[in-house]
Amino acid sequence: MNMELKNISDLFWRVSPNLFFASIVLGIITGLSYATLIPFILYATASDKSVNNQLSVENYNFFNSPTSEMGWVFVLICIGIVAIKSTSTILSMYIAERASVVHRISLYKRINALPYANLERIGQAKLINLLNVDIPALTVAAANLPVIWISLVTVLGTLAYLIYLNSQVFFFVIACLFISVVCYQLPIFIGLKFFSKSREYYDQVQLGVKGLIYGAKELKLNHQRAEQYIEEELFEPEKSGLSADVKGKSIIIFAQVYGEMISFLVIGAVIFHLPYLYSITTTELFGIVLALLYLTGPVGIILNAMGELQQGKVALKKIKTFYQELTEEDLAEQKQSIQQWDRLKLHQVSYHYPTRTNQFALNNVCFELKKSQITFIVGGNGSGKSTLSKLISMHYLPSSGAVYIGDQQIDKHNIRQARSLISAIYTDFFVFEKIYGEHQQNKIQSYLEKLELADKVSVVNHRLDTTALSDGQRKRLALLALLLDDKPICLFDEWAADQDPRFKKIFYQDILPMLKSSGKMVIVISHDDRYFDCADQIIIMEQGSVRDIKQLTQKPALAC
Ligand SMILES: Nc1ncnc2c1ncn2[C@@H]1O[C@H](COP(=O)(O)OP(=O)(O)OP(=O)(O)O)[C@@H](O)[C@H]1O
């Protein structure tokens, strides 16, 4: 389901249009029922129909009083209101909960569909705030909509009754209400600005929390730095966020209290001013004041809900920006399958990171990789090896130039199939606890033994029983997943960097040749120059360009 929202009510319309419609209709019925109660009260309290005028107190009996029929209708309306309003409110609560889950699922899918470069750019902190702050705020705002409907209809019904009582008074009241509501909008507008500001600060807080957790080891070793970090990265944005939030909420509270007074201001104007403008009987004045008093409840509810709606609007803006700026990767229907192939080629590939500040670029890279061949990519720090590896694995798409598998150029029609040929272990690898795919237990066990993990980890019900291992051992777990995946292209980004010398040797002289002999294309980013002779081909990177390609076992290097 496409969850790009135009406004707050869209959140509910998209998820349960029928239920949302039902909750609004029930809300409108509730509002009308509320508004109907006033004429009943006025009728029953009108002086000429008064109970005391017609029956003596001793003979009074509810069932034969002159207002008994109306009394029954009144009670029935009250019971109806309880039933219908509860149903409408329960419905909207249910839709709100459902909408929240559906929307989060839609966001998970969107995050999964983002180009990897965009995911890197937006960062974890913003995404977590989107899921944990903005969606709940939006849901709360949307859940207020039926309540607003009920109150709005009550207000309209009561105003309609005012027309019936006295049309001049009606226009006078409308004018007063209009002026008061316009005045109410000004603080609401200012409050919204503060909410937007505080929301920005909470993004910074999230980033700070990330450093606090992932940088805990470093911070523990340097108390002064830890204090400075907490002061600058957490206290400061927390304080600024708090200040903006409190200012925004104070302004909204002021507006709400003022809003609650609106009906009284109008009542004051009616009582103290109106009798001098128009001729009004006392009974009419009583009816008008009663109707206006009756308005205070729903007007207050509407204005209170406005505060939450404003916060919902800020959240909606954030979510909209996310959807608009971070578009899904353009993956057309994957019509073309990858035909028989034995090589992967980069032809005049250039790549620029999508950040404005970064000057680094990969320039005009050309080379060819083959099945049953081990290629080392080497070079100094920052020369572009990892960037290049993400172009090979098609996580980044070339800014210009092309990647070929066999004779087929990789584009949006076949990129998913192309990616499915590749397994990679990057320096910031992640180990999933679940072992995906069907694998025989003895195969898993033999790999665990080969990786010297058999006494540390076992696989129970397709799950690793632990991932709490040393860094080097966790990397071996990532290697286990790669071996089980059994893809034809295997890419390692400094895999051996944190292995002990003995296992380094096993990796370079046993595991890599094993992959090569089973026909795989093996790409290894490495600084381990003592093992460079394991390679069939070495690509030397320097400042974003290929400086040289050395063929150790085969023909001369490919010219661009
Ligand atoms: N996620 C990123 N966003 C923006 N720029 C980046 C990003 N990653 C790397 N860069 C830029 O690309 C340059 C090359 O980085 P890369 O990681 O490709 O180098 P490398 O050769 O793998 O280095 P090392 O040996 O230190 O791992 C960096 O100097 C940096 O300017």
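Predicted model: local features only at pLDDT ≥ 70, side-chain atom pairs only at ≥ 80, totals over all residues.

Entry 1. The axes of α6 (residues 145–165) and α10 (residues 282–325) cross at roughly 160°, and angles over 145 degrees count as roughly antiparallel. The two helices α6 and α10 are therefore roughly antiparallel to each other. Their axes come within 9 Å. I noted the crossing of α6 past α10 as left-handed.

Entry 2. I then listed the residues that make this contact. On α6 they include Val147, Ile148, Ser151, Leu152, Val155 and Leu162. On α10 they include Glu284, Gly287, Ile288, Ala291, Tyr294, Leu295 and Pro298. By class, the contact of α6 with α10 has 16 nonpolar residues, four polar and one charged.

Entry 3. I checked the UniProt record, an unreviewed entry, for "transmembrane region" annotations. The record places them at residues 20–46, 72–96, 135–163, 169–192, 257–279 and 285–307. I looked at two of these spans in the model. Residues 257–279 are 91% helix and 0% strand, with 33 Å between the end C-alpha atoms. Residues 285–307 are 100% helix and 0% strand, and their end C-alpha atoms lie 33 Å apart.

Entry 4. Last, I looked up the domains. The assignment gives domain 1 as 10–325 and domain 2 as 343–551. I noted 54 Å between the centres of domain 1 and domain 2, taken over C-alpha atoms.

Terms used. Residues numbered from 1 in each chain as written. UniProt positions renumbered as here; feature names shortened; annotations may be inferred. Helix = DSSP H or I, 4+ residues; strand = E, 2+ residues; numbered from the N terminus. Axes fitted to C-alpha atoms, helices over the stretch in contact; angles between N-to-C directions. Parallel < 35°, antiparallel > 145°, perpendicular 65-115°, else oblique. Left-handed = near helix turned anticlockwise from the far one by under 90°. Contact = placed C-beta atoms within 7 Å. Nonpolar A, V, L, I, M, F, W, Y, C, P; charged D, E, K, R; others polar. Domains from an automatic or database assignment.
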